[in-house]
Amino acid sequence: MTDLVEPGVTGPDGADPDHEERGRRVELTSAACFVVATLAAIALAVVYWQGGQPQAEGVLLALTLGGIGVGIVLWAKHFMPNDEVAEERHPLQSSEEEIAEFSADFAAGQSSLGRRRILVATAGGACAALGVALLFPVRSLGPRPGRGLKETPYRNAPIRVVIESGVPVRPADLEVDGFITVWPRGHTDAADAATLLIRYRSDQGFEPRPGREDWTVDDIVAYSKLCTHVGCPVGLYQAQLGLLLCPCHQSTFDVMQGARPVFGPAARPLPQLPLALDDEGFIIATGDFSAPVGPGFWDRGR
Amino acid sequence: MSDAPAPETPRRRRGPEHLLTHRLARWVDSRLGTAKLARTTLNKVFPDHWSFMLGELGLYCFIVLVLTGVYLTFFFDPSLNQVIYRGSYAPLRGVEMTEAFRSALELSFDVRAGLVMRQIHHWAALLFLASLGVHLARVFFTGAFRRPRELNWIIGCTLLILAMLNGLFGYSLLDDQLSGTGLRIVYSITLSIPLVGTWLASLLFGGEFPGPDIISRLYVIHILLVPAVIVGLLTAHLAILVRQKHTHFSGPGRREDNVVGERMWPTYAAKALGLFFLTSALLAFLGGVFQINPIWIYGPFDPAEVSAASQPDWYMGWLDGALRIMPGWEIRAFGFEIPNPFFPGVLLAGLTFGLLYAWPFLEARVTRDHAEHHLLDRPRQRPVRTALGMATISFYSVLFLGGAADVLAATFGLSVNAILWTFRFLCLLAPPVVGWVTYRLCKELSARDGVPTASTVTVREIPGRLRHREEPKQAEPESQALRS
Amino acid sequence: MTGRLHRWLVAAPLVATALATPLAVAAAPSQEGDDGQLAQGRELYLTGCSSCHGPEGEGVDAPSGERGPSLVEAGEAGAYYYLSTGRMPLASSEEQPIRKDPAYTPEQIDALVAYIASLDDGPRLPDVDVRQGDVAAGGEIFRANCQACHSASGSGGALSYGRAAPRLSEATPTQVGAAVRSGPGQMPVFGPETITDEQLDDLARYVEYLQNPSDPGGIPIGRTGPIPEGFVAWLIAIPALLALVGWIGTRSPIRRPATAATAATAAEGDDD
């Protein structure tokens, strides 16, 4: 390598026979790639015309595109000039004169603007007011967040609980160690009212929370199905352990102890629903959940 | 301008002026005066190191996304009206679902080439984000974000965020069980923002979750608003790149005041075109051969149901992992609260992108280096930056693994609780360890090269030619820069 | 789903069950005729099971060493599930029960099942007929009750503290019915009022479908969603792209050293 090295330059064609030979091979390969691409494109059209098949479509499209791509790259690498050239970087910053000229021109124009302070101030105020006014249609995007976040249709208690098809539930419908999802009657499409009914074993060590001793019916307890972390339905009931596991982020709730969180990111227990039996022996809710359901928000506690 | 052919071309051929392309160029030029600019463009020099082509990969993925996406818009219907499915997929026949989900099923089963288009679109989205990730890493580890390229770094970070959001919104359009669960999480994280969270969530979703509007709103955002902004920012990104010229590694003849490489025309343009075709070929192959997002298995979204192993697409995995690893802490006082998801979902995300945006300015301030740089660093020459970068990557890698905790547990027969506890400690312990090891490695490699690291060199602006003359044994690192 | 279709699907089997129950009770097989099977069952039980489950199936609750739960209320369904999937017998009570080849022949399993069922009232083994099942209805039942633990594709899922809901790829229809009725391990119990016998047919039909789904998109890579998809992106596609970029970006070796004439051409090309 010589001392003072400018980027080397080569001509596109060498004069040696090895290079010629290699060149012909590459040319044939490249041309073959284009031919493969053409055939694949035709095959793709045929496949499509015959009814289509996803794997064939994908592979044939890949062959078409890939054939063209390989052909072009071979062409570029072997037949296009690969000289290394240098280009100067001129200073990006404008020269001092240019900046001065700009400043002078801008100041000249601005003087007629800037001197009229009252105009500038009132015009600015008007534009700002317009900007603020134009934000107001954003308000139409959604309703004011209201009591809906803190209440569910169970506020119409006493109300029967029903399965998704609308059929009410008797305690005998639920086996020991069984669980089902229920809603308040007439509100099976209320996303915030999904409720878990769980029948625990009598000897499983259920400890009712203070003040909720009569919230269960025949060893059946009801909790909100919405995780208090980010609201995924807590659909995993591990019957032997008495634990509810949320599959989204692994929050775990102890059914025997008021569904308090025992692992994972959830910080609050699943709200509990008070249950009783009506005169026909169906399970009813006697009030709304013990706390707002689902994930937390700023004023949840107010 | 004579019509006689130039002396060296054979007389039997007409001169280039008669080619169609030439006549076309003259037609345009006589109206716009483009010849000078066009010539400048043709002769633009682009350094051709392989690592400079990573950003292009993102660009080509984006082009494929737009092309396949337009096709999909002709069939997809973002309506939340309830319908009964009567299409050709038997296990869902008679099931009630939204029009959005139904149209996605129709696209997958009853539209010719519909499924392959959908799958190419989704694979392209995954690879778009992956390309941006490797491109970001290359720019970071070589110091290409330094002055005068801070603006392009900011544009790039914005493109990254927009790409992530558009991917999230895109796969949520289908209203299947998996993506609907993801939207629920988006809603709840929005809800967790202090003071304004409940308002933001209600305005975005048109009410309480799920709300009647979210899919149609996300549709407009996904096909129009975000792509428009991406196109604008991409154009600016490339324009700035052309104006400032690309950076290059040091090597023979390479200095701060020049750029060495190959000309745009024809070689660089041909290689770029070839890479576009090859990238599209790979995406087409993936789209046909590897099944992705089988929404017919997930079923239509029901807010009371969820599947085990629910994860977002890979690029959101760090956020999902952060949500899982975070212990159950909340702040509550006077009836107000900052709920748990705020910390990993909003605070961590904000810190992540805030630091990302601020990095060029932070580094310039700490190193007191406000000079222009057009020569790139080799990562080993900047051990502190490289170590910090690797430490950061290790932190987010632990978060990514955290997002897969339940799948890891099920696959390897481990306790998911133990895995999450391990990651809680690992996300704090791994970064310093990885950072330290990286630092030592950089120092070691530099010592072997005989090239001093940035921390031991006091003079920055050494023209390449001068250095070459003074230390003739520099051949090795430069040719390595060329070869790697 | 709400709608007439679903209401009909639920109401019809309930009515049919209500009508059929008195007939079924009258037709229940008496125990005298199966004395031989019961004796064989008891024999097998004492040899293979009593060390952990006690001589009368009452369970063994030692603080350490071999112990096992009571089988008194396991019923036909519980016994059949564990024995036919090979989860029982377990070599040691510390092991996790996993599916393996059954240790007993089908006749021995029938005998053991009969013996366990005779201990007390436990869930009956349902008579599952997949040919009667509607795959779409089964899918809805599966997604409402099963996918939270077993995942939408039936690949299984993690539970707490190292336990797992198993994959369903080898479950026979009767095993599905047995598991649903007996709630083995951590699985809850779904009785005939929650999932009727007709719905069990549908459910088993859907589980059968999941064992061989249509996968029109190509290689299913586990059907567990974004995680394997991410691995394909990073372990297959990105290396491929990097290889392509490496191939394209590497300049072919410089073929001739610079000469005066060509250096002059290069200098001219530097004009901006």
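Predicted model: local features only at pLDDT ≥ 70, side-chain atom pairs only at ≥ 80, totals over all residues.
Q: What fraction of the residues in chain A is buried?

A: The general idea is a cut-off: a residue is buried when its relative accessible area is under 20%, exposed when over 50%, and partly exposed in between. By that reading, 46% of the 302 residues in chain A are buried. In chain B, 58% of the 484 residues count as buried.

Q: How do I read the overall build of chain A, and what is its secondary structure?

A: Begin with the elements: chain A has four helices and twelve strands. Then turn to the spread. Chain A has a radius of gyration of 37 Å, well over the 19 Å that the globule rule gives for 302 residues, so chain A is more spread out than a compact globule. Along the principal axes, its C-alpha atoms fill a box of roughly 100 × 75 × 50 Å.

Q: And how many helices and strands are there in chain B?

A: Chain B has 18 helices and eight strands.

Q: What share of the contacts in chain A joins residues at least 24 apart?

A: A contact means heavy atoms within 4.5 Å. Take the contacts in chain A between residues at least 6 apart in sequence: 55% of them join residues at least 24 apart. In chain B, residues 24 or more positions apart account for 76% of the contacts with a separation of 6 or more.

Q: How many positive and negative side chains does chain A have, and how far apart are the centres of the two sets?

A: Chain A carries 25 positive and 37 negative side chains, and the two centres lie 14 Å apart.

Q: Now the cysteines. Which residues does a disulfide join?

A: The working rule is that two cysteine sulfur atoms within 2.5 Å form a disulfide. Over all chains, that rule gives one disulfide. The bond joins Cys232(A) to Cys248(A), with an S to S distance of 2.1 Å. The partners are 16 residues apart and link distant parts of the chain: Cys232(A) is in the loop between β5 (220–224) and β6 (236–238) of chain A, while Cys248(A) is in the loop between β7 (243–245) and β8 (252–254). The torsion about the S-S bond of Cys232(A) and Cys248(A) is about -90°, so this disulfide is left-handed.

Q: Are Cys232(A) and Cys248(A) buried or exposed?

A: Cys232(A) and Cys248(A) are both buried. For contrast, Cys52(C) is in no disulfide, and the nearest cysteine sulfur, belonging to Cys49(C), is 8.9 Å away. Cys52(C) still counts as buried, at 14% relative accessibility. Cys149(C) is likewise in no disulfide, with the nearest cysteine sulfur, that of Cys146(C), 8.7 Å away. Its relative accessibility is 15%, so Cys149(C) counts as buried.

Q: What should I look for in the backbone, and which residues does a cis peptide bond join?

A: Pro148(B) is in the loop between α5 (114–141) and α6 (150–172) of chain B. Another cis bond joins Met88(C) and Pro89(C), with omega of about 0°. Pro89(C) falls in the loop between α4 (75–84) and α5 (106–119) of chain C.

Q: Which residues have a positive phi although they are not glycine?

A: One of them is Gln250(A), with phi of about 70°. Gln250(A) is in the loop between β7 and β8 of chain A, and its relative accessible area of 3% makes it buried. Ala113(B) also has a positive phi, of about 65°. You'll find Ala113(B) in the loop between α4 (99–109) and α5 of chain B; at 14% relative accessibility, Ala113(B) counts as buried.

Definitions and conventions
Residues numbered from 1 in each chain as written. Chains lettered and ligands numbered in written order. Heavy atoms only, no water. Helix = DSSP H or I, 4+ residues; strand = E, 2+ residues; numbered from the N terminus. Rg over C-alpha atoms; globule rule 2.2 N^0.38 Å. Buried < 20%, exposed > 50% of the residue type's maximum accessible area, 1.4 Å probe, protein only. Lys, Arg positive; Asp, Glu negative; His and termini not counted. Charge placed at Lys NZ, Arg CZ, Asp CG, Glu CD.
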